[in-house]
Amino acid sequence: MNKLSRWKKTMLGLIIVVVIAGAVGYTNRGALAALGYEWFLADKVEKQLADSYHPLDNRPSDAEPPQAQATEPFSMLIMGVDARKNERGRSDTLIYTVVRPKDGNVLMISIPRDTYADIVGKDKKDKITHSYVYGGPEMAVATVEKLLDAKVEHYASINFQGFVEVVNTLGGISLPITKDLVNDDPGHEKFVVKANQSSYDGKDALNYVRYREDAGGDVSRTERNREFIESIIRKTASLKQWSKIPEVLGIVGDNFRTDLAPESMSDLTKQFLQVDHRIQSYTLKGVGKRMGPSNLWYFVADEDDLTDIRQTIAAWMNADTPVEQLKAPGQKKADSADKSAKVPA
């Protein structure tokens, strides 16, 4: 066989492979995306995340590094920390998250920063945001576990200050701002975020998180912080240029800490690329009131809502719970009430 014939057969073989790959990709795009991630990005991502791995000090030091299984549901506490240089900062955002890699469902329960809670390790009640100030992620995790009566298997802390450049690298993010945000109280930093923009840059996004002069107070700020994180997730998930992913992770650098090993995060990424994912969000209900000898403002959680949240978390953490039963807290009651309303008298 001459060289030309061998070359033709080789080219024909390559064309067949491309056609088959295209057909497979059309019918199973998620699996192909996961394969592409493993081939071209996994090693880079794991190297970029190596310095972000910080196990909790109060977990057994001789234990194996925590590994989130790529199929079983697991819980994670996401902490959004607003810290300037040389500050520990406060956990302005606390989101108890249940991740179900197998079916792609994610539950995010936001806890207002001023929630009145038992601070584990301090033997006192205080605003839950202070748990991070007193004892870092270890105390924050333990305090949230007690409040929700639910295990926190992993944590991730994000310093919003460092995400300005991330948002800019992503090309901006969308935010639900329908009215100009004007921060001009004498005791606050001054800024204005214009409403109804198609995309917001990093500076505007950070100011959106920090805005604190609306009537909704702590609850509204919690909702904005959650929306910011969800917008980052949505934008990253929709990235067409995979080459940007290592760049984004490189920028995150010192602004991200987690006890998930880099290999675990790669496994989870590959799993999520193969399924459609859906995020359901909820914010703990309660009332704001002034309490104590100093007449300080606190957010007091509604006990019935806490009970509903605890039951919801248990259902989501059960791998056998059918997808159609994965509801946000309060949704089952709303569905029942809706059905009752439709029953003829």
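Modeller: Let us begin with a definition: a residue is buried under 20% relative accessible area, exposed over 50%, and partly exposed in between, with a 1.4 Å probe and protein chains only. This is a predicted model, in which local features need pLDDT of at least 70 and side-chain atom pairs count only at pLDDT 80 or more, while totals for chains, interfaces and linings use all residues. Residues are numbered from 1 along each chain as its sequence is written, and side-chain values use heavy atoms, with hydrogens and water left out.

Colleague: Why is Glu-223 called partly exposed?

Modeller: The relative accessible area of Glu-223 is 27%.

Colleague: What makes Arg-226 buried?

Modeller: Arg-226 has a relative accessible area of 10%, and the limit for buried is under 20%. Arg-226 is therefore buried.

Colleague: How do you know that Arg-226 forms a salt bridge with Glu-223?

Modeller: A salt bridge requires a side-chain nitrogen of Lys or Arg within 4 Å of a carboxyl oxygen of Asp or Glu. The closest N and O atoms of Arg-226 and Glu-223 are 2.4 Å apart, so the pair meets the rule. In general, side chains of opposite charge can pair when their charged atoms come close.

Colleague: Where do these two residues lie?

Modeller: Both Arg-226 and Glu-223 are in helix H7 (residues 217-237), three residues apart, about one turn of the helix. Helices are DSSP runs of H or I with at least four residues, strands are runs of E with at least two, and both are numbered from the N terminus. An α-helix has 3.6 residues a turn, so residues three or four places apart point the same way.

Colleague: Why is the pair of Lys-194 and Asp-180 said to tie together separate parts of the sequence?

Modeller: The salt bridge between them has its closest N and O atoms 3.5 Å apart. Lys-194 lies in the loop between strand S8 (191-193) and helix H6 (202-210), and Asp-180 in the loop between helix H5 (163-169) and strand S7 (181-183), so the pair links parts that are 14 residues apart in sequence. Lys-194, at 49% relative accessibility, counts as partly exposed, and Asp-180, at 33%, is also partly exposed.

Colleague: What makes Lys-151 exposed?

Modeller: Lys-151 has 52% relative accessibility, and exposed means over 50%. Lys-151 therefore counts as exposed. Its salt-bridge partner is Glu-145, with the closest N and O atoms 3.8 Å apart. Glu-145, at 19% relative accessibility, counts as buried. By the salt-bridge rule the count comes to nine.

Colleague: Why is helix H6 described as largely enclosed?

Modeller: Eight of the nine residues of H6 are buried, so the rest of the structure largely encloses this helix. Among the buried residues are Gly-202, Leu-206 and Arg-210. Across the protein, buried residues make up 45% of the 345 residues.

Colleague: What makes the phi of Asp-149 worth a remark?

Modeller: Phi of Asp-149 is near 50 degrees, a positive value in a residue other than glycine. Most residues other than glycine have a negative phi, and most peptide bonds are trans. Asp-149 is in the loop between helix H4 (130-148) and strand S6 (154-159). With a relative accessible area of 64%, Asp-149 is exposed. Asn-295 also has a positive phi, of about 55 degrees, although Asn-295 is not a glycine.
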